[in-house]
Every structure is written in C-alpha cells, then in structure tokens.
Amino acid sequence: PLGVYAPAIDTGKYTLASLIEDSPYTYSDGTPVNNWDGKYIGQATVRYAILHSMNVCAVRTLTDIGIDTGMKYLENFGFTTLAHGTEADTDANGNVYTDANLPTALGGLTYGVTPYELTGAYAAIANGGTYVTPKLYTRVTDSDGNVILDNTNPATRQVIKETTAFLL
C-alpha cells in the first residue's frame, strides 16, 4: 500500500473503484508474477486488490504510476533503507543493487525495512496522512525531576492527502 496504492490514489490516477487487470503477468525478464493463491479473477477494483493482497494488481499499478513515484512516496513515508544503485549499494563483487524495480511493489527491498520505519509509515495513514517522526520515548527526567531529554514535540510533515489516508 505505501509505495503503490498510496501514490496511485494520492496523485489522483486511481480511486478505490478503479479497475486493474488481474491476469497472468511477467516482469520484463520473463519471471511470472503470481498471486498468493495462484488464481486470477480478471478485473479487480483497487479496494478488492488491497483487501486480497493481489500481487499482480500491485505490480501492474506500480508499472502504471512509475517506479520513481513509488520510490518517492516510500522515502516520504520515512524509509531510509532503500537501495538507489549508488556506490553505497555496491557489494565487493561489483554488483549494484537498487530498489527502483517492480518487485518493490511486493515488498522486495534489498535491505528490507525496519519495524520502526514501517510503524511510522502506517501510523501516518492512521494519522490523516501526517507523518510524525517515531520516538521511543517522549520525556526523560532525572531523580530530581529535571528534564534530560524531551521529545514531546516531534517533527511532522504531510506525506499524503488526508482524503487518501481516509480511503486507505
């Protein structure tokens, strides 16, 4: 939802009633994309595709909105572990890794994502599209009650429209 359906709805390209073709589909290298149940239903609404975690629909949607758009939204949702095909994403054998590809639609991220970041991203949806920098504490005081650390005013930013958050 974060890198596919949130941007698709937020940009106005899709609604929950938009139809996506759920039929056999392959990546450009010929690798098939399969739904978890191995079945296809033809036309599916975005709402149905989200509810039933339909892989083919997610990949087709990311193809349609563009991987750059999906990556931008993931970054805005606070993901810092994305591979961008830079020198930092090159291993000792010279292999360069990037998440700017279609498996990202299914969570196929090179380095994964931390539970901390994932929680912050989904919390933004629950918070009307406003991302609040996750904090593990709000305030720390010493034995005399003096404030040592204070996180009671976390940084926030709007990452998706409030209407998009409501629909998701």
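Student: Does Asn55 count as buried or exposed, and at what relative accessibility?

Tutor: Asn55 counts as buried, because its relative accessibility is 19%. Buried means under 20% relative accessible area, exposed means over 50%, and partly exposed is in between (1.4 Å probe, protein chains only). Accessible areas come from the Shrake-Rupley method with that 1.4 Å probe, and for residues only the protein chains shown count as cover.

Some ground rules. This is a predicted model: local features need pLDDT of at least 70, side-chain atom pairs count only at pLDDT 80 or more, and totals for chains, interfaces and linings use all residues. Residues are numbered from 1 along each chain as its sequence is written, and side-chain values use heavy atoms, with hydrogens and water left out.

Asn55 belongs to helix α3, residues 55-65. Helices (H or I, at least four residues) and strands (E, at least two) are DSSP runs, numbered from the N terminus. Setting aside neighbours within four places in sequence, Asn55 is in contact with Val33, Asn34, Asn35, Trp36 and Leu106. Contact means heavy atoms within 4.5 Å.

Now look at the loop between α2 (46-51) and α3, where Ser53 sits. Ser53 is not a glycine, yet its phi is positive, about 50°. Most residues other than glycine have a negative phi. Ser53 is partly exposed, because its relative accessible area is 44%.

Next, helix α4, residues 67-76. Gly70, Met71, Tyr73 and Leu74 are buried there. Seen down the axis of α4, the buried residues fall within an arc of 160°, so they line one face of the helix. That arc is taken from the directions from the helix axis to the C-beta atoms. Just after α4, Gly78 has a positive phi of about 100°.

Tyr73, which lies in α4, deserves a moment. It is buried, because its relative accessible area is 7%. Leaving aside neighbours within four places in sequence, Tyr73 is in contact with Leu2, Pro7, Asp10, Thr11, Val159 and Ile160. Tyr73 and Val159 are 86 residues apart in sequence, but their C-alpha atoms are 7.6 Å apart.

For contrast, go to the surface. Tyr116, Leu136, Tyr137, Val140, Ile148 and Leu149 form a nonpolar patch there, with about 580 Å² of accessible area together. Leu136 is in the loop between β5 (130-132) and β6. It counts as exposed, because its relative accessibility is 77%.

Strand β6 (residues 139-141) pairs with β7 (residues 147-150) in the antiparallel sense over 3 bridges. Two strands pair if DSSP finds at least two bridges between them. Arg139 stands opposite Asp150 in β7. The two strands form a hairpin with 5 residues between them, and Gly145 in the turn has a positive phi of about 85°.

Finally, the whole chain. It has 6 helices and 8 strands. Buried residues make up 36% of its 168 residues. Among contacts between residues at least 6 apart in sequence, 61% join residues at least 24 apart. The C-alpha trace spans about 65 × 45 × 25 Å along its principal axes.

Notes: Patches are made of residues with over 30% relative accessible area and no salt bridge: like charges are joined within 9 Å, nonpolar side chains (Val, Leu, Ile, Met, Phe, Trp, Tyr) within 5 Å. A salt bridge is a side-chain nitrogen of Lys or Arg within 4 Å of a carboxyl oxygen of Asp or Glu.
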